[in-house]
Amino acid sequence: MAKTLFEKIWDKHVVKQIEDGPSILYIDKHFIHEVTSPQAFKGLEKRGLSVFRPQQVVATADHNVPTLNQHLPIKDELSRIQVQQLIENCKKHQIELYGLGHPFQGIVHVIGPELGITQPGMTIVCGDSHTSTHGAFGAIAFGIGTSEVEMVFASQCLMQTKPKLMRINIEGELNKGVVAKDIILYIIAQISASGATGYFVEYAGSAIRALSMEARMTICNMSIEMGARGGMIAPDETTFQYIKGRQFAPSGESWNQKVQEWSVLYSDADAVFDQEIHIDATAIQPMITYGTNPGLGIAINGFIPVAESIPDEGERHTIEKALKYMGLESGKSLLGLPVQHIFIGSCTNSRIEDLRQVALLVKGRKKNEHVQVMIVPGSQQVSKQVQAEGLDKIFQEAGFEIRQAGCSACLGMNEDKIPAGEYCISTSNRNFEGRQGAGARTLLASPLTAAAAAITGVVTDVRELM
Amino acid sequence: MDKITTIQSRFVPMPIENIDTDQIIPARFLKATTRDGFGKNLFRDWRYSNDDESQPKVDFVLNHKIYSGEILVAGKNFGCGSSREHAAWAIKDYGFKVVISSFFADIFKNNALNNGLLPITVSDAFLQQLFQLSPADTLTVSLEAQTVCIDKSGQKESFEINSYKKTCLLKGYDDIDYLINMRTSIEQFEQQIA
């Protein structure tokens with residue numbers, strides 16, 4: 001029987017199917033971090049259990065960590081306790097931890113792939129909704145809650161109901177100035193922030209095939225922003241070349257065998273999806289959001305919708321509420337809007353390719369004097385690469401501030417926050433009210449669009465600077 | 001986990017769509033290492049001006065004394081965004097036992113079920129009817145019968161829940177109890193795939 005990519009992996013991981021209930025799904029890799037794991041460890045200990053398969057768990061500290069002076073004790077007491085508790089829990093349960101100061105430390109969805117831990121055909125979970133990132137390798141990867149973290153600790157399994165399957169086909173060549181972030185913001189704007197709820201999404205088509213692995217990660221990363229459990233892309237030569245030679249990648253004879261196994265991971269020609277969507281890549285322009293959910297996005301040279309003309313009452317209220325919060329007006333263009341902050345980072349866009357794109361654009365230019373620009377590389381390894389390639393000098397000369405690895409201003413858990421009422425063009429994934437700090441106004445965009453605004457100080461069509 | 005059977009109560013209406021988990025519990029309150037005490041920060045930035053408990057926002061429903069009860073009724077796509085289970089803990093800790101909406105985000109729904117907080121999906125039309133009721137009106141939720149009833153009119157709406165989860169909630173079991181008992185099968189599975 002013809003199978004989808006998802007079904008090929010899912011079927012291989014079902015330990016048992018409960019009648020009129022969920023499946024018991026085996027989990028290959030479990031990533032954990034300091035914020036969503038402490039209660040799971042406590043729960044486990046309360047039951048008198050230890051971690052069932054500690055060698056399949058990898059930990060890092062990312063959400064809560066400062067991005068300055070990481071060699072010093074963390075100033076914020078609660079953050080310090082949380083990070084310390086991760087260290088103690090990992091030690092007690094013999095879990096590998098890439099904590100602060102470790103050369104592999106970084107945002108969990110950056111380090112998994114860059115270390116070669118993330119591989120095709122795997123089931124991967126983490127107590128973080130952006131776990132969908134790992135789907136770029138042809139893995140079933142999804143975010144879970146803390147009770148589920150505890151379940152995986154206890155049994156290396158989860159009770160899961162098989163989701164519906166959606167395929168999004170993107171065909172054609174991308175326009176100048178359009179990158180992966182624009183593709184995914186465009187898709188979410190098309191189908192809405194809940195358009196894929198209940199589904200697992202496979203991205204396919206010539207535009208996806210042409211993307212690098214890091215670009216594919218950006219796309220899969222934001223699957224959750226349209227409600228999807230996860231997103232995935234069939235592995236191909238681009239995938240294999242990316243993994244080859246990485247720290248934990250298979251090598252020698254085992255490599256050839258793995259590549260053979262991975263090569264059958266694609267949706268069969270006559271496989272059936274519950275829903276298919278077709279998108280013309282040439283219709284995509286650089287994107288930016290104006291509202292308070294990632295589905296409220298427009299082309300950079302487009303106009304904010306006129307709220308009064310929206311027939312659906314709920315949707316109209318959503319947009320009216322969003323515009324009020326954002327201090328923006330119906331029907332207007334965002335071009336020329338002064339911004340005060342630029343944040344380049346997060347599990348969506350903090351990888352070396354993102355930073356290379358930014359460097360290429362800003363080389364020899366200076367930031368606008370009215371904006372603050374913060375670059376937060378996704379991992380210690382990305383930071384090292386930035387220095388090795390001399391990108392740090394380009395950023396410094398442009399007046400950008402380079403920080404140390406972590407989630408930072410994407411969610412404003414540490415001190416990297418945007419002040420109330422101020423605008424931030426952010427390469428992160430969420431523009432929710434208060435996400436980057438209470439009252440902060442977030443405009444989501446690609447690293448290129450963020451870099452363009454850094455130079456001009458206003459929302460800018462990056463193509464004018466290319 | 002607490003058992004759920006029948007709940008009769010007033011409800012708190014929140015006719016807003018796409019309520020994300022950053023609104024339910026902002027990230028700065030995720031630094032705790034226990035599951036307790038999140039209720040006081042539920043909808044923190046919608047409840048208070050300048051993060052100050054002495055400055056409640058008068059137009060926010062949780063600050064209206066006339067609204068009370070163990071049932072939260074919210075617009076569609078409730079619980080979207082971050083996977084933080086702290087959102088379910090905060091709602092539960094505040095005193096809600098049931099959340100009714102026409103559409104839930106997947107991760108939130110699982111988190112709620114894993115904490116004995118019952119997410120009930122109803123039709124858009126029924127949801128709109130609930131929003132039209134007065135603050136004194138009560139609802140009766142029966143998990144056994146899988147119904148929500150508007151007590152005043154007797155009007156009932158059925159809801160879906162898979163029988164495994166239903167049993168767990170009725171008896172107060174959780175998935176971990178089940179999974180631990182499966183360890184032998186899991187070990188056999190591991191040997192097969194090795």
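Visitor: In what order do the 3 strands of the open sheet in chain A lie?

Guide: This is a predicted model, where local features need pLDDT of at least 70, side-chain atom pairs count only at pLDDT 80 or more, and totals for chains, interfaces and linings use all residues. Residues are numbered from 1 along each chain as its sequence is written, chains are lettered from A and ligands numbered from 1 in the order in which they are written, and side-chain values use heavy atoms, without hydrogens and water. Strands are DSSP runs (E, at least two residues), numbered from the N terminus, and two of them pair if DSSP finds at least two bridges between them. Here the pairing is antiparallel, and the order is S1-S2-S8.

Visitor: Which are the edge strands?

Guide: An edge strand pairs on one side only. In chain A these are S1 (14–17) and S8 (157–160).

Visitor: Over how many bridges do S1(A) and S2 of chain A pair?

Guide: S2 covers residues 23–26. S1(A) and S2(A) pair in the antiparallel sense, and the number of bridges is 3.

Visitor: Why is H12(A) oblique to H14(A)?

Guide: Helices are DSSP runs too (H or I, at least four residues). Angles run from 0 to 180 degrees between N-to-C directions of axes, lines fitted to C-alpha atoms over the stretch in contact for helices. Under 35 degrees is roughly parallel, over 145 roughly antiparallel, 65 to 115 roughly perpendicular, and the rest oblique. H12(A) is oblique to H14(A) because they pack at an angle of about 50°.
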